[in-house]
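The following briefing sets out selected features of the structure shown below, arranged by topic. It is intended to be read alongside the sequence and the coordinates.

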Amino acid sequence: MSDIYPALVLPPSASSSAPVVDFAFWLVMIISILAFLVVEGVLIYFVVRYRRRKNEAERETPHLTHNTTLEIIWTIVPSLILLVLFYYGYVAIKELRNFPQDSEVIRVVGQKWFWNFYYPYCVEDQASGKKLCISGNTENINPEKGSGQTQLAKQENQFLFRIPKGRNITLQIESQDVIHSLYIPAFRVKQDAVPGLKTRLWFQATELGEFPIFCTEYCGKDHAGMAGKVLVMEPVAFEQWKEAELAKLREKLKTIGQVKDEATLIAEGTRLFTAKGCNACHGLQGNRLVGPPLNGIYGKQEEMQDGSKLTVDDAYLKESILKPMAKIVKGYPPAMPPQNVTEDEVEALVAFLRSLKN
Amino acid sequence: MAHAVAEHAPVSYLEKKGILSWLSSVDHKRIGILYLITTMSAFLVGGVFALLMRAELARPGMQFMDPQTYNVLMTLHGSIMIFLFIVPGIVATFGNFVLPIQIGARDVAFPVLNRFSFQVYLAGLFIIALGLANPADTGWTFYPPYSSTTDTNVITLTLGAFVLGFSSILTGINFIVTVHKMRAPGMTWYRLPLFVWAIYSASLIQVIATPVVGISLILLVAERVFGVGFFTPALGGDPVLFQHFFWFYSHPVVYIMILPAMGVVSEILPVFSRKPIFGYKAIAWSSVAIAAVSFVVWAHHLFVSSLSTTAGIVFSFLTFTVAVPTAIKVFNWLATLYKGQIELKTPMLYSLAFIFLFIIGGLTGLPLAMIGVDVHLHDTYFVVGHFHYTIQGGTVLMMIAALHYWWPKITGRMYNEKVAAFMFWFVFIGFNLTFIPQFILGIGGMPRRYADYLPEFAPLHLISSIGAYTLGIGYFVTILNLLISLKKGEKAPANPWRANTLEWQIESPPTEHNFHEIPTITSWPYDYGQKEERKKESL
């Protein structure tokens with residue numbers, strides 16, 4: 001990743017809005033640098049010119065207390081410059097928030113500590129009504145120790161958020177848990193993912209290549225690892241990739257509903273436990289995080305907030321994943337959001353938790 | 001203006017010994033010193049946390065700590081610096097020590113309330129310290145729902161900040177009443193030293209804005225403890241509401257931090273340039289203007305948080321209006337230097353550095369005020385750089401300047417000028433080395449509050465860390481130099497800088513009641529350098 005761009009100036013300008021933002025940026029930079037040189041120049045000149053030299057006797061200094069003309073000038077001139085800057089900031093935001101009518105809407109859901117991308121490209125089984133769509137997420141690497149940018153940069157075969165060049169894309173941004181913020185420096189876009197709200201941003205990529213995606217709203221332990229890459233592809237290549245993915249989904253559609261053996265389920269559940277971010281709030285070594293630890297939970301007696309007691313079984317676990325607010329374990333905050341998982345995935349997760357009995 | 005020089009042996013306010021005599025004292029000078037000791041201790045602790053963070057950030061990857069530890073350090077650095085050091089900083093220390101003397105009063109309007117303010121401050125400090133067993137990891141901004149769900153001691157930290165807020169409100173009320181009611185005969189508003197105007201403006205903000213953050217922190221605690229949904233969507237709350245509440249206080253609060261620093265600069269420049277302050281009324285009223293406008297700019301912290309574009313544009317415009325009175329002040333300070341006879345003593349060096357750095361801090365605020373550009377820069381290192389240029393380059397440097405300027409008055413001792421001036425360069429160079437790379441990192445898209453970063457950001461982070469340690473050495477030796485002077489320093493004369501404000505017309509250190517006789521004021525305090533005849537005329 002280190003060869004993407006040298007971190008010296010603005011990141012590469014890779015979206016249709018970036019030049020508008022960059023113009024405003026360079027305008028304020030040039031004005032600021034000029035103002036810096038003039039004002040600091042005057043400061044340094046006065047200090048050097050009027051400093052008291054060694055052994056210099058006291059000198060008469062003029063009794064200057066004010067000068068109305070000068071003061072009016074140095075109020076009005078900066079005000080006018082500031083108006084110009086305000087205007088170009090306004091122009092830039094108009095461009096960034098001018099949502100095009102003809103854009104593809106991709107859902108992005110932030111959660112501790114990765115981004116889920118849901119494309120609107122789906123396959124559907126007419127008979128059963130089951131539907132699968134292309135999706136993927138940036139990875140939660142090394143969840144026990146915490147993941148950082150360095151590990152991400154080294155990661156092979158990581159998930160890439162693929163988009164076609166030259167097409168308008170609107171990202172509809174949501175959050176599963178706390179506030180995150182989706183930031184793609186190369187596109188000059190950033191928008192908070194606020195739980196309970198749907199926010200959005202749009203761009204049209206103009207350059208091919210890989211560009212970093214960051215989270216810029218502090219969201220806890222692995223905030224610095226909540227990152228990924230966007231891959232801008234030629235539209236033809238993008239269509240090919242999309243068709244290949246859809247074909248894979250068609251295959252998967254056929255297996256839905258088939259009975260799987262326990263070992264497959266546990267393996268799938270183990271993967272989902274980190275992929276879906278369960279590990280952000282639930283420990284597996286008896287350690288209390290935001291939520292209760294889950295090792296040995298199956299078959300255990302738990303006391304609920306209302307004082308009732310129950311034995312943890314399949315039904316309870318399923319309910320707690322899909323409707324977390326239904327029953328709250330005593331001593332824990334009602335903090336868990338409803339999870340975005342399919343029935344098959346719930347089954348796999350429950351199988352995984354069952355396997356942690358001892 | 002010199003009226004009240006001693007005729008018989010005075011009793012210094014430092015005469016009584018013993019911790020109890022200090023803690024039970026209602027003398028504004030002693031309370032000022034108690035604040036000085038506590039706030040500077042907080043500064044050292046917060047500074048050590050910053051150095052630990054910079055050690056970790058010197059290289060990519062995790063070297064000395066895990067990300068959680070980093071997040072905790074980041075939170076403690078911010079909270080301690082803001083709530084325990086910078087906010088009470090100049091206002092509570094030098095405001096307490098100097099303001100009553102500068103207006104010709106024997107004490108503040110409510111001395112017992114003043115002592116109570118300090119006790120409340122200590123209570124807040126104690127509550128925050130209690131939470132260190134499992135320190136919070138929310139950042140000093142406490143954004144929910146993270147802050148309402150994390151398993152760390154958010155409650156102690158927010159309650160501590162809440163209690164500290166009361167200390168701040170009480171001190172503010174005390175100063176406002178003091179300035180209105182306790183001025184010596186002849187001390188008209190336009191004869192007030194500019195430091196008094198600045199503290200007065202900061203006090204107004206403290207009294208008006210602090211209750212809002214107090215309420216929002218209490219709502220946050222209620223949400224955590226009782227599950228009442230104010231801010232967490234799962235409970236029916238709105239997380240952005242907290243941000244509005246929080247910044248309604250926390251943006252004005254940066255002016256609580258910077259206005260007193262501007263006040264100190266306005267005192268030091270004329271004394272060491274031997275010239276009247278230029279544009280007295282413009283400086284005085286621009287303080288009040290900044291205080292007023294500071295209340296209507298908060299939402300520029302929310303440009304990408306789901307705020308409507310229209311609201312964003314309005315707040316962008318309002319934010320630009322703060323730049324005007326700020327620029328006016330800078331121009332007035334420069335004009336004060338013009339044709340002066342500038343003596344480069346330590347307080348002056350820091351004041352000139354303040355102007356130099358504050359210009360950078362101000363100019364880098366412009367792209368952040370431009371809403372379309374802020375979308376790119378928001379929550380990157382650019383903001384970290386901008387903030388530290390204004391608040392560290394501004395307030396902290398002027399805190400150090402004020403320490404050196406008033407040291408002879410406070411302690412009755414002169415500090416070692418050579419060491420202080422030499423260490424100034426460590427601070428100045430170290431500061432720029434730390435924070436200029438951070439602007440570049442931010443422009444390049446490096447987000448803030450990251451325990452780890454992409455390899456391409458590594459060289460700039462290394463420079464920044466080297467700068468931070470240079471800066472650390474600078475501050476440490478500077479403070480050590482002051483402490484050594486307590487034992488070894490020469491005895492200070494009453495007025496070593498030949499300054500005109502009232503505190504320099506009494507003994508160093510002052511007597512318990514400041515003045516033997518309340519002075520009558522006949523002119524403003526900035527008549528420096530002109531001919532003798534003229535001075536007589538103006539008197």
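**Backbone features of chain B**

B:Pro145 is placed in the loop of chain B that runs between α5 (111–130) and α6 (146–149). The model is a predicted one, and the peptide bond joining B:Pro144 to B:Pro145 is cis, with omega of about 5°.

*Cis peptide bonds and positive phi angles*

- A cis peptide bond also joins B:Ser508 and B:Pro509, where omega is about -10°.
- B:Pro509 belongs to the loop between α18 and α19 (532–538) of chain B.
- The loop between α18 and α19 of chain B also holds B:Asn514, a residue other than glycine whose phi is positive, near 65°.
- B:Asn514 has a relative accessibility of 0% and therefore counts as buried, the cut-off being under 20%.
- B:Asp379 is not a glycine either, yet its phi is positive, at about 60°.
- The position of B:Asp379 is in the loop between α15 (371–377) and α16 (381–411) of chain B.
- With 9% relative accessibility, B:Asp379 is likewise classed as buried.

*Cysteines of chain A*

- Over all chains, a search of the whole structure finds one disulfide.
- This disulfide is formed by A:Cys122 and A:Cys133, whose sulfur atoms lie 2.0 Å apart.
- The link joins distant parts of the chain, eleven residues apart: A:Cys122 is in strand β2 (residues 114–124) of chain A, and A:Cys133 is in strand β3 (residues 131–137) of chain A.
- The link of A:Cys122 and A:Cys133 is right-handed, with 100° about the S-S bond.
- A:Cys122 is partly exposed, its relative accessible area being 30%, and A:Cys133 is also partly exposed, with a value of 30%.

*Contact between chain A and chain B*

- Chain A contributes 98 residues to the contact, and chain B contributes 101 residues.
- About 8200 Å² is buried between chain A and chain B, and carbon and sulfur atoms give 69% of this area.
- Of the area that chain A buries against chain B, 9% is supplied by A:His63, A:Trp74 and A:Tyr218, more than by any other three residues.
- Three salt bridges are found across the interface of chain A and chain B.
- A salt bridge is formed by A:Glu58 and B:Arg498, with the closest N and O atoms 2.7 Å apart.

*Nonpolar surface patch on chain B*

- A nonpolar patch on the surface is formed by B:Leu44, B:Phe476, B:Leu480, B:Leu483, B:Ile484 and B:Leu486, which together have about 530 Å² of accessible area.
- Which helix gives the most to the nonpolar patch? Helix α18 (residues 458–488) of chain B does, with five residues.
- B:Leu483 is located in helix α18 of chain B and is partly exposed, with a relative accessible area of 46%.

Notes: Residues are numbered from 1 along each chain as its sequence is written. Chains are lettered from A and ligands numbered from 1 in the order in which they are written. This is a predicted model: local features need pLDDT of at least 70, side-chain atom pairs count only at pLDDT 80 or more; totals for chains, interfaces and linings use all residues. Side-chain values use heavy atoms; hydrogens and water are left out. A disulfide is a pair of cysteine sulfur atoms within 2.5 Å. Helices (H or I, at least four residues) and strands (E, at least two) are DSSP runs, numbered from the N terminus. Buried means under 20% relative accessible area, exposed over 50%, partly exposed in between (1.4 Å probe, protein chains only). Patches are made of residues with over 30% relative accessible area and no salt bridge: like charges are joined within 9 Å, nonpolar side chains (Val, Leu, Ile, Met, Phe, Trp, Tyr) within 5 Å. Accessible areas come from the Shrake-Rupley method with a 1.4 Å probe; for residues, only the protein chains shown count as cover. A salt bridge is a side-chain nitrogen of Lys or Arg within 4 Å of a carboxyl oxygen of Asp or Glu. Contact means heavy atoms within 4.5 Å. Buried area is the accessible area (1.4 Å probe) that two parts lose on being put together, summed over both.
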